[in-house]
Amino acid sequence: MHDQVTDDPLLKTENPFAKKATAVGRRDKVVSIVLRAGTYFILLCAAYIFIDIISKGAPTVFQSSPPFINTDFFTESPQTLMTWETEDGEYFKMDFSDYSQWRRDNPDRPIVEEHSHAYSGGGIFGPLVGTALLTLICIVVALFVGLTTSIYLNEYSSKGRFMDGVRLAIMNLAGVPSIVFGLFGLMFFCLFVPVFTETPLERSFFVIPLGGGNHLSFEGWGTCMMAGGFTLAVMVLPVIIAACEESLKAIPMGFREASLALGATKWQSISKSVLPYAFPGMLTASVLGITRVAGETAPIMFTAALAHKDKLPWQDVNSLGGFFSQSVQAMPYHIYTVAARIPQSEYTKPMQYGSVFVFMVLVMSLAALSVFLRIHYRKRVKW
Amino acid sequence: MSSSENKEADGSSAEESGQFRNRGFKILGLSKQDLIRIFFGGNASVAIVVLVLICVFLAREAFMFFPDHHHDLKAYRQSGQEYVDFASDEIKAHTNLYSSLNIAYFAEVNRTAKTEDTILRAYRALMANLENVTAKTWGRFERDLDRLEDVEDDLSDAKEDLEELDPEAEDFAAKQQELNQEIESLSSEQSQLTTRVEELREKLKKEVDLVIDSEEVWNMGVGAEEPPAESKAKLREAVLLSASPEIDDEPEYITGLKAVSKEKKAKAAEELSDFKDTVKAMQASIRPLKSFQSELRSIASKNKSEIVSFSTAAGRKEAWEKGAQNAATEEERQRMAAEAEKVVIKEPDYAALNQPFYESLGKHAELIAPIEVEMAQLYAQIPSKKEVQTKSAKENLDRAAVFYERFENTVSKNREEIKEWRHDKPITVPESVTAFLFGRNWISNSSWHDFYGILPIFTGSFLISIIALTVAVPFAVSAAIYVNQLAPHREQNFIKPAIEFIEAIPSVVLGFFGILVFGETLRAVSQVEWLQWVPGFPMAERLTILNAGLLLAFMAIPTIFTLTEDALNNVPQAFTENSLAMGASKLQTVFRVVVPTAVSGVLAAILLGFGRIIGETMVVLLVAGNKIKIPDFTEGLGVIAQPAHTMTGIIAQELGEVDQGSLHWRALFMVGMVLFCISLLVNFAAQKVLKKLSKI
């Protein structure tokens, strides 16, 4: 009995090497819990926003009968929503085009109460197309300039004043507020860029006659998707350059050195043994760029976007130039319009939440794609 | 030019000459490789070119603002508007003082009937909401009820007719049948209507129940304090009573409450009659000055239009003349030429225009002196803070003290300035610059004079940014420390992409969320009893500085987080290891070694976060409330519950609606220039901080 309670450390339940509960340890624990709580609070806020928008937007986008997706919402452009009541107590809610049809069909049914809700009917096809076009123009331009710049910075340049200048410019460009890009785009792309025209406008900065009735007039493209796309491209340039550069940097020096040692020229080694391996990175860069650009409102407010447009971009256009020089509806601007510029009522809610839901899901899935691509390629490619 | 000599070059020549020089075709002495290099270099310089272009194009519009603004200010002075605004300032200062005292007085009076008023307010809110919800059903119900009455009348008429029908008449049978048919159709309609009315009545009842039971409405009306359960039940009864279709009169309970409230207030007013008289006397004292000012105002307006018409006359004449030259028909040409003739370019006689103002100098002094004395007397009579009981009255007395001082200052300052004032005193260049940079008003499209002072919108932007930063920095930095230093690997891999994900939320979506959801939530939170210590709570508005600040904080968190995390990552591993080896605990290492080493990076992250916040447009445009006024700092920290406008927001809101090249347009570009400079400054500062403070 007495022997059993020995000082044998193996029999002791307590581990002698275990950490002792000290005041410092307790404090550490509390502080790290606080830090952790702060971190998760941020994520909770994000989750709250997502859940709120998804739960309120889903009823507009989905329906309970096949095909389960509200196809009208995706294939029609925004319209005025009409609600009215006939004298015999029947209640109607229709888009404006259907409403006019109904009026023609039932000319003798007196209407007692009639309300119109701007932008609350129809769907979001127009804005979706507009955003896609703007993003496309932007990404083509930005990727071209961004890729070449990053190739220069990473492959050709040596340290010097020019390089410092370029780096400084890129860094400062990244910090410029988006609305300032909007102002710049308005002044430069809408009102200054040279165009070929037979009849120069009066406000043109200067006109160079080219003979044959043609002029090169510095009068700008006007408010159009070209101007908007270029403005966005300028804005997203730093992001694209940074992402492209990262992908070029990830390729080991050995690839270039081996290629050069085999007698390839500089350009041959870049085009054959650097660019192909940088392709996934560039894909990531462009997805990242699209994510950034698709959500921007301020730069396209004065350069490209329209709140309301009856026709889709490809209707009533006879030339390629005409196609690109028209203004478009765009999702972010559409959301701004329905959120702040129309009188609010219960009828505007489905359109509001539906648009925001679709837009957010689109942008967030692109963002998720870019995060995924980055992680995926980083993991897969091991030199 | 030199291409031909190299055309024949191929592999054999290199060995012969033994030189490793570039071969292939050349343009302007540049080989293909050089050209490719130049092509890439040229694209790289696009960034520089764009930055320069932004500077050039913004600056071009922005700096043309100053000459125009100078011209505008000159017209303001020459027309005498500046002189009139001396009096306007005094009146405004007086109004501020008077209205804060007035609010204090009513807060005191209304305090006595607080319970009754709360219930009455809830009643009104409920009824308003009820009206909204039931409007449609109600309209249909009333229509059907009317129709039912008509039908019943018709029915009884028809029945009477049937009874009075003369059996001997020859068409008796036909008429009887006709009437019977009519009665039949009417009674079927009657029964239809009756059932519908009953249905609608049911529906109305349901709707009423729905409104009464929804918590939201109760909170909206009742506010921070809940009335006792007993009165809540009574109130419910009253609402039900007034909602029932047959009763038009107000329920007795409500009438009773109103009477009690009125009685109590009357009693309180009697007790506070001194206060009331003082406030009333204050209101009366300014009247002579007001009528004096309005007289001068109309003269100045006339002067202004004359001056403006003179400054545009030359342009108009030219336009008519040009039109006459290009006119299609002779008739048109003559008409235009006549119009051109009509435009007289004659400089107004500024001295004569301003004569009335110089003459009124004495009168102004005569008017303001007794007002000042009277105000001093009256101000001494108002009750002290100790004598009042409500929070609102106390706050407003505090504000009144500030406003009284401001009034005194305005009067004494104006006394000097009015003496100095000359309509022909030239406006110096610094004056027109400071009028923009320190102007306290941004007023466009006004019938009096447009002011372009950046201070109101700058303060708005700045306040919002400060709130956003104070909220975002602790969260972002603590999250970065946690993720980088403390979290297990698995958790890191989850949190980092998640926070990056937040960065991708489009700002317009956040703004939308703020305007439709968060604003309402925040206001509801601000009504909660135990949160009343927070300055500015309870908030009356949905769209406020606080709302915008919190949303922007959420936007800035990913930026600050990512950059801080990078900075922490750059701290050499050896630092941490050494610290741990010395026996420091994990947290001691983090806070005494890692964070201080990375502090430059953290500061740079905060600065760049600030840059992102101040340049953000959509959230503030949607959520900040868009009120162009310097927030009222007399409320202390409660200023965060006020709406404001921002530099980014004002460009987005107003640029679409102004004429290209107008003063307003240029003012907006000037604001853009200020934003651009701020962003460059912030970037510059961030780089400096990184270089200077970097310890590694």
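This is a short tour of a predicted model, stop by stop, with something to select each time.

Before you click, residues are numbered from 1 along each chain as its sequence is written, chains are lettered from A and ligands numbered from 1 in the order in which they are written, and side-chain values use heavy atoms, with hydrogens and water left out. Because the model is predicted, local features need pLDDT of at least 70 and side-chain atom pairs count only at pLDDT 80 or more, while totals for chains, interfaces and linings use all residues.

**Stop 1: the domains of chain A**

Select chain A and colour it by domain: domain 1 is 1–61, domain 2 is 78–122 and domain 3 is 125–380. These bounds come from an automatic or database domain assignment. Now show domains 2 and 3 of chain A, whose centres, taken over C-alpha atoms, are 41 Å apart. Their contact (heavy atoms within 4.5 Å) takes 11 residues from domain 2 of chain A and 12 residues from domain 3 of chain A.

How much area is buried between domain 2 and domain 3 of chain A? About 910 Å², with carbon and sulfur atoms giving 67% of it. Buried area here is the accessible area (1.4 Å probe) that two parts lose on being put together, summed over both. Pick A:P78, A:Y119 and A:S120: in domain 2 of chain A they lose the most area to domain 3 of chain A, together 65% of what that side buries.

Next, look for pairs across this interface. The rule finds 0 salt bridges there, a salt bridge being a side-chain nitrogen of Lys or Arg within 4 Å of a carboxyl oxygen of Asp or Glu. It does find 1 residue pair in polar contact, both at pLDDT 80 or more. A polar contact is a pair of N or O atoms within 3.5 Å; within protein, one must be able to donate a hydrogen and the other to accept it, and residues adjacent in sequence count only if both atoms are side-chain atoms.

Stay on the domain 2 side of chain A that touches domain 3, and select strands β1 (78–86), β2 (91–95) and β3 (111–122) of chain A, the elements that give two or more residues to that side. Helices (H or I, at least four residues) and strands (E, at least two) are DSSP runs, numbered from the N terminus. The largest share of that side, 6 residues, comes from β3(A).

**Stop 2: salt bridges in chain A**

Over all chains, the structure holds 22 salt bridges. Zoom in on A:R167 and A:E245, where the closest N and O atoms are 3.0 Å apart. A:R167 sits in helix α5 (residues 161–175) of chain A and A:E245 in helix α7 (residues 225–249) of chain A, so this pair ties together parts that are 78 residues apart in sequence.

Is A:E245 buried or exposed? It is buried, at 7% relative accessible area, whereas A:R167 is partly exposed at 35%. Buried means under 20% relative accessible area, exposed over 50%, and partly exposed in between (1.4 Å probe, protein chains only).

A:K249 is exposed, at 57% relative accessibility.

**Stop 3: over to chain B**

Chain B has domain 1 (3–44), domain 2 (81–95 + 284–422), domain 3 (112–272) and domain 4 (455–693). Between the centres of domains 3 and 4 of chain B, taken over C-alpha atoms, there are 52 Å.

Select B:R77 and B:E82, a salt bridge of 2.7 Å, N to O. B:R77 is buried at 6% relative accessible area, and B:E82 is buried at 17%. For a network, show B:R60, B:E61, B:D68 and B:R666, joined by salt bridges that share partners.

Next comes B:T278, in helix α12 (residues 273–285) of chain B. B:T278 is buried, with 3% relative accessible area. Leaving out residues up to four places away in sequence, B:T278 touches B:L378, B:Q381 and B:I382.

**Stop 4**

Most residues other than glycine have a negative phi. Where is B:N445? B:N445 lies in the loop between β3 (442–443) and β4 (451–452) of chain B, and its phi is positive, near 55 degrees. B:N445 is exposed, at 70%.

Finish at B:N626, whose phi is also positive, about 50 degrees. B:N626 lies in the loop between α25 (618–623) and α26 (647–654) of chain B, and is partly exposed at 24%.
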